[in-house]
Structures are given as structure tokens and as C-alpha cells.
Amino acid sequence: MLEVKNIKYSYNADYQALKGVSLKIEKGEMVALLGKNGAGKSTLFLHLNGIYRPDEGQVFIDGEELKYDKKSLLKFRQKVGIVFQNPDDQIFAPTVEEDVAFGPLNLGLPMEEVQDRVEEALARVGMSGFEKTAPHHLSGGQKKRVAIAGILAMKPEIMVLDEPTAGLDPQGVVDLSILLNELNEEGITIVISTHEVDLVPNYAEKVFVLVDGLLIAEGTPKEIFAKPEILEQANLKVPIVTDLFQQLEREGFDMNGDYPLTIDEAKEKFLDLLNKN
Amino acid sequence: MKFDMDYIAHHNALTETNPYFKLFLTILLLIVTLALDNLYFDVFMFIVMSIIILAVAKINYKSYLKFLSLPMAFLVITCIFLLLFFGKGEVIYETGILGIVVTTDSLHYAVYTFMRVLGCLPCLGFLALTTPIAKILNCLRNLKVPRIMIEIALLMYNTIFIFLNEIDTMQKAQDTRLGYHSYWTSFKSLGALVSTIFLRSLDKSETLQFALDSRGYNGELPVYEPRKKEN
């Protein structure tokens, strides 16, 4: 369980990026943090494993307060892994396997164990066989997978991904969301920041909306996407299928206030409407 | 054709050859070539090593020529300077401009420097073109070269590709907007490019630090020993 209590954080004393954010994410959940560019998503994420220290407020992991001494930081950074938006910022080693091994080695694990974890993590993300490859010879999607493997190898309880779909091609996005769903089913709590709303209902059980350093709403995707005023405030829009059905309603089809969010839901709804008429 | 030395180092017939062997052979040949200081041996080395690079490592001759061209340009310029401005002794040729002359001494310097470099270049090229940097660094680490040097080299090696990429993209962006249309705009564009790259590098280095810290970095890069392949 991850809990953030009233976090405030300023850059250079004159720009407050977080103005008192509180949120709670239960174990095993998969949640999305929505917000436009500059809303404070990345800043918030860097608080979750103690990279940034809040001016005010606390972070709790499994009910334990995050402390900022060396030993506690190592412990919490093992529990909460952050996958950075740009894999180039994260991958630094000359070969894929050395990069994936970096985290586990820092945890002080024996070499045997590290080797096992590297193999396992690379297999998990579908990158076995690339052990000796230089990262700059990989494609964007492959780099993303290596970056995720680097975090997986630390066996985190919570995985935080900053804009994971940014820069991926459509197939890459689909593959990634399948992978994240699988990881979630295996018990890892997953937090994703994004402003691409179309996929959110496919994976997120819960959505938080961040606007200008403040959390303005939380709820299921259904609840959030039914509130146009919140979406407008956050510079977001409803998923494209939802938009379609809202427009159909304006043409005189009754939706009973229930708009589909995913393709599957849309299909059911569409067949229903066809059968009715 | 784009010349990517790193790609060549990863994809040639000698990539998997023992890196220690290649490293020691290179160092040995360099020392021998420099110590013998014999013009015929220099030429011999140039030919032999070029044959090894082209025929044994099977590196494309165009890539090899590109590899040679840059240091060669420097070499020629250096030797011209040596020829004209160094050494004393008997004058053997007068250029007639500002009293610049070629002497026996300077001719000797220029020729020997040229041939030495010519002999050593393919030796170094043999290592650089056939061995991925990661392997060389690993060797050096095992040979007890100070950690800090290896860590800096390692981080530089990786960030340099991101850095070059960034420069390339920005330069193209400037070029599209005619940033290199005339001499004057070229200077201005280059200045803007350099200052932006500097600020962006600072930014990137901070993010890299965050990413390293996130995975428990404690100021020392740990060494991973891959499992030996079971055959």
C-alpha cells in the first residue's frame, strides 16, 4: 500500500509544483494518474521513492513512513521502482544485461541471484537474447522493455511508470499494456501517469486527476469520464469511443447515462442498440 | 554512407575474439612500432594490419577508409607544419615566403612522424574496430585500472550517443530554418546550439542521477559478471 499525505513541493522557492497532494493506492491495484503536461505528475512520482524530499507532508509505504537516511532509502527504492519517461535517461550501461543487473547489484545480492534475476526479468519483458546488445542499438519500444526489466529485477512491490506510452508506436503501446496487465496480475501494484485517455479504462481500476499541483478528483474511470467539468479543468477529453456514443445520444439514441469506455463495451452497446431498433 | 564505428565494433568477424588478446596485441605492436622507429617496418605494419582489418575481421573497405581519413587529415596538417616550422640544420629548400625553409632536420622529423603514425594507426584501428567498448572497459577493470576512470569512461561512452543524437536533431532543426545559410548565421546558429546543448546536458545529467538513485546507486557502479554460456 502506498499513501501520500498532503505533499507540498516547490522548485526554487517561487514555483510550487505540488500544493498539498494526498492519495492512497491499495496493494495490487492498477491506477492511472491523469493530468496535462506540467501538472506535477513527474514531480509527484519522484517523491514516491524519496528522490525528492517534500517541503511538507509524508509518504507511507506499507504503513511505514519514508525516511531519508541511506539505509531506509535503499529499502524503499527496492519496494517502489520508477520507470522513467525517457528510457535513455535510465539506461546507462554499455550492455543490456549490465543495465538490468545494476539495481539488484546495488541491493547487494549475490552474483548467482543477480544472474537469475537478470535472466528472469529479460524473459519477462520478452527481451531474452539481447543480453549483450548495446542499448543504443535498440528501438524505442525495446529500450522501454529493458528499462522495465531493470526495475523488475529489483522485485518491487510497486511499479511507477511515467508516461510509459510516450514515443511508442501503436503496436508498442498495445504490447506494453498487455505486459503491464500481466505484471499487475502477478501482484505488482502499478501506477501510471499519462494524458492518453483512450487506453486508461482498459487497465486502470482507479483514476486520479492532477491539475496544477492539486488532486481535483479520484474515482473509477466510469466516474471520472462522466464528469465533463473535471476533464475540461484538466485539459483532458473522454476516450474516443465514449465521445462517439455521447454524440450518438445527441442524435436521439437513449444511453441511460451509461457510455461505454472501451472497445468491448462499445461493441456490446452497439449490438444492443441495433437489436432494439 | 553513415560511418558508425560502434556498430562495426559489434558486427565483425573478430568481435567475439578474446579481448585481452586483442588489447595486448595492440599495445605490443604499438610499442614495437614506436621503439623500432624504422620506416620500412612502419610500412610493413600498415600493410599487415590493414590486411588483418579488411580480410580477417572482414570490415568493409569503405568504412576502413573513413576510419583512416580523419586522423590522416590531422596527420598531413601536422607534418606540413613540422616540415616548415621545425628543426635546424642545412637548408634544402626555400619556399621564398617570409623566409620559411625546409631543413634536413625538419624533413627528417616530418617523414618519421608521418610514417610512425601511419604504422600505428591500423594497430589502434584493429582494436577500435573489432572490439566493443564494453569489452575493453571490462579488460581494463580486471587489469586494475582505477575504478573512477573506468566509470567515467563508461558513462561518457553511453551518454555520448544521446549527446550526438541531440546535436544532430537540433542542427537539422536549425538547418530547416536556414540557420546555416550564410557564414554569419552559421556562427550564430552554432553558438545557440552549443549553449543550448550545455544547458540540456546539465538537465539530462540531473535526470540520469535521479534514475541511478532510484535503483539504489551508492556512488560506485557495481560490476556484473554474466553467467558463462554452457555449451
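Me: In which helix of chain B is the place of L34(B)?
Reply: In this predicted model, the stretch to look at in chain B is the one that covers residues 19-36. Position 34 falls within that run, and the helix that holds L34(B) is therefore α2 of chain B.

Me: Is L34(B) buried, partly exposed or exposed, and why?
Reply: The count to consider is that of other C-beta atoms within 10 Å of L34(B), which comes to 13. A residue needs 20 or more such atoms to be buried and has 12 or fewer if exposed. Because 13 falls in between, L34(B) is partly exposed.

Me: Which residues is L34(B) in contact with, leaving aside its neighbours within four places in sequence?
Reply: A pair that is 87 residues apart along the chain, L34(B) and L121(B), has C-alpha atoms separated by 12 Å. For contacts, the neighbours of L34(B) within four places in sequence are left aside, and the residues that L34(B) then touches are R116(B) and C120(B).

Me: How are α2(B) and α6(B) oriented to each other, and why?
Reply: The axes of α2(B) and of α6(B), which covers residues 133-142, are 9 Å apart and form an angle of about 80°. Angles from 65 to 115 degrees count as roughly perpendicular. The two helices α2(B) and α6(B) are therefore roughly perpendicular.

Me: How many nonpolar, polar and charged residues are in the contact of α2(B) with α6(B)?
Reply: From α2(B) the contact takes P19(B), Y20(B) and L23(B), while α6(B) brings K135(B), I136(B) and C139(B). Divided by class, the residues of this contact are 5 nonpolar, no polar and 1 charged.

Me: How are α6(B) and α7(B) oriented to each other, and why?
Reply: Helix α7(B) covers residues 147-176, and its axis comes within 10 Å of the axis of α6(B), crossing at roughly 175°. Angles over 145 degrees count as roughly antiparallel. The pair α6(B) and α7(B) is therefore roughly antiparallel.

Me: What is the radius of gyration of chain B?
Reply: Chain B has 8 helices and 2 strands, and its C-alpha trace spans about 70 × 55 × 35 Å along the principal axes. Buried residues make up 22% of its 231 residues. A compact globule of 231 residues would have a radius of gyration near 17 Å, but the value for chain B is 23 Å.

Me: How far apart are the C-alpha centres of domain 1 and domain 2 of chain B?
Reply: The domain assignment places domain 1 of chain B at residues 5-136 and domain 2 at residues 146-214. Between the C-alpha centres of these two domains of chain B, the separation is 30 Å.

Me: Why is chain A as compact as a globular protein of that length?
Reply: Chain A comes to 12 helices and 10 strands, with 44% of its 277 residues counted as buried. The globule rule gives 19 Å for 277 residues, and chain A is as compact as a globular protein of that length because its radius of gyration is close to that figure, at 20 Å.

Me: Which element gives the most to the side of domain 1 of chain A that touches domain 2 of chain A?
Reply: Chain A is assigned domain 1 (2-227) and domain 2 (239-277), and their contact takes 7 residues from domain 1 and 5 residues from domain 2. On the side of domain 1, two or more residues come from each of α8 (200-203) and α9 (221-225) of chain A. The element that gives the most, with 3 residues, is α9(A).

Me: Which element supplies the largest share of the side of chain A that touches chain B?
Reply: Between the chains, 30 residues of chain A are in contact with 29 residues of chain B. On the side of chain A, at least two residues each come from α2 (70-79), α3 (87-90), α4 (96-106) and α5 (111-124). The largest share, 7 residues, comes from α4(A).

Conventions: Residues are numbered from 1 along each chain as its sequence is written. Chains are lettered from A and ligands numbered from 1 in the order in which they are written. This is a predicted model: local features need pLDDT of at least 70, side-chain atom pairs count only at pLDDT 80 or more; totals for chains, interfaces and linings use all residues. Two residues are in contact if their C-beta atoms, placed from the backbone, lie within 7 Å. Helices (H or I, at least four residues) and strands (E, at least two) are DSSP runs, numbered from the N terminus. Domain bounds come from an automatic or database domain assignment. The radius of gyration is taken over C-alpha atoms; the globule rule is 2.2 Å times the number of residues to the power 0.38. Axes are lines fitted to C-alpha atoms, for helices over the stretch in contact, and angles run from 0 to 180 degrees between N-to-C directions. Angles under 35 degrees count as roughly parallel, over 145 as roughly antiparallel, 65 to 115 as roughly perpendicular and the rest as oblique. Ala, Val, Leu, Ile, Met, Phe, Trp, Tyr, Cys and Pro count as nonpolar, Asp, Glu, Lys and Arg as charged, and the others, Gly among them, as polar.
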